[in-house]
Amino acid sequence: MKEDKTSWVNFFQWLRGRGLDGVKLVVGDKCLGMLEAVGEVFPEAKYQRCTVHFYRNVFAVTPRSKAKLVAKMLKAIHAQESKKAKAVVEELRSMKLKEAAKKVEDGIEETLTYCDSPSEHWTRIRTNNVIERPNRAIRRRTRVVGSFPDGNSALMLVCARLRHVGVPQWGNKKYMKMKHLEAVL
């Protein structure tokens, strides 16, 4: 799937056509096409930027020698040990990490949207790992095979993997306890 706005609008409208409604939160990796589409198709939904992807963006402009310290600083913000994002930005600047400071300053708020939800759900909604994990498993298996004789054989492998993961994990379990959301709503 292309990552442009039109593709995402079509996908979200397809989901809405299949009965999806009441979307309150969308978690993503800051794909601009998706962000624009969410605003158009689900205007009432808030956006939560995946904290893992955000960290990777900050680490991309951070020297390896300082990555552990920067990780601790970011994790302190997200663990709600303190709401000192501005202090972290200033500390990054004092460490001569101007690009990392800019990324934190510009993007930290959209990584904290999950804090508006019940704390029992925070670990489930602050990242998009729920979809990343199966994607990694699929990539790992398709690399082993190498090339497929046709699209159907690739699709069969992907579907088999999703079924293997989905049936025991998602088949009869709820991802989140709705009673916490009902109390908020």
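This is a predicted model: local features need pLDDT of at least 70, side-chain atom pairs count only at pLDDT 80 or more; totals for chains, interfaces and linings use all residues.
**Notebook: charges and salt bridges**

Started with the charges: the protein chain has 36 positive and 20 negative ones, and their mean positions sit 8 Å apart.

Next I looked up the overall build. I get 10 helices and 2 strands, in the order α-β-α-β-α-α-α-α-α-α-α-α along the sequence. The C-alpha trace spans about 55 × 45 × 35 Å along its principal axes. Of the 185 residues, 34% are buried. The chain exposes about 12300 Å², with carbon and sulfur atoms supplying 54% of that.

Then the pairing. How many salt bridges does a search of the whole structure find? It turns up 8. I went through some of them.

Glu-40 and Lys-5 meet through their side chains at 2.9 Å, N to O. That pair links distant parts of the chain, helix α2 (residues 32–41) and helix α1 (residues 5–17), 35 residues apart. Glu-40 is partly exposed at 43% relative accessibility, and Lys-5 is partly exposed at 32%.

Lys-46 bridges to Asp-116, closest N and O atoms 3.1 Å apart. Lys-46 is in strand β2 (residues 46–49) and Asp-116 in the loop between α6 and α7, so this pair ties together parts 70 residues apart in sequence. I have Lys-46 as partly exposed at 42%, but Asp-116 as exposed at 53%.

Glu-90 and Arg-93 pair at 3.2 Å between closest N and O atoms. Both are in helix α5 (residues 85–94), 3 residues apart, about one turn. I noted Glu-90 as partly exposed at 47% and Arg-93 as partly exposed at 32%.

Key: Residues are numbered from 1 along each chain as its sequence is written. Side-chain values use heavy atoms; hydrogens and water are left out. Helices (H or I, at least four residues) and strands (E, at least two) are DSSP runs, numbered from the N terminus. Buried means under 20% relative accessible area, exposed over 50%, partly exposed in between (1.4 Å probe, protein chains only). Accessible areas come from the Shrake-Rupley method with a 1.4 Å probe; for residues, only the protein chains shown count as cover. Lys and Arg count as positive and Asp and Glu as negative; His and the chain ends are not counted. The place of a charge is taken as NZ of Lys, CZ of Arg, CG of Asp or CD of Glu. A salt bridge is a side-chain nitrogen of Lys or Arg within 4 Å of a carboxyl oxygen of Asp or Glu.
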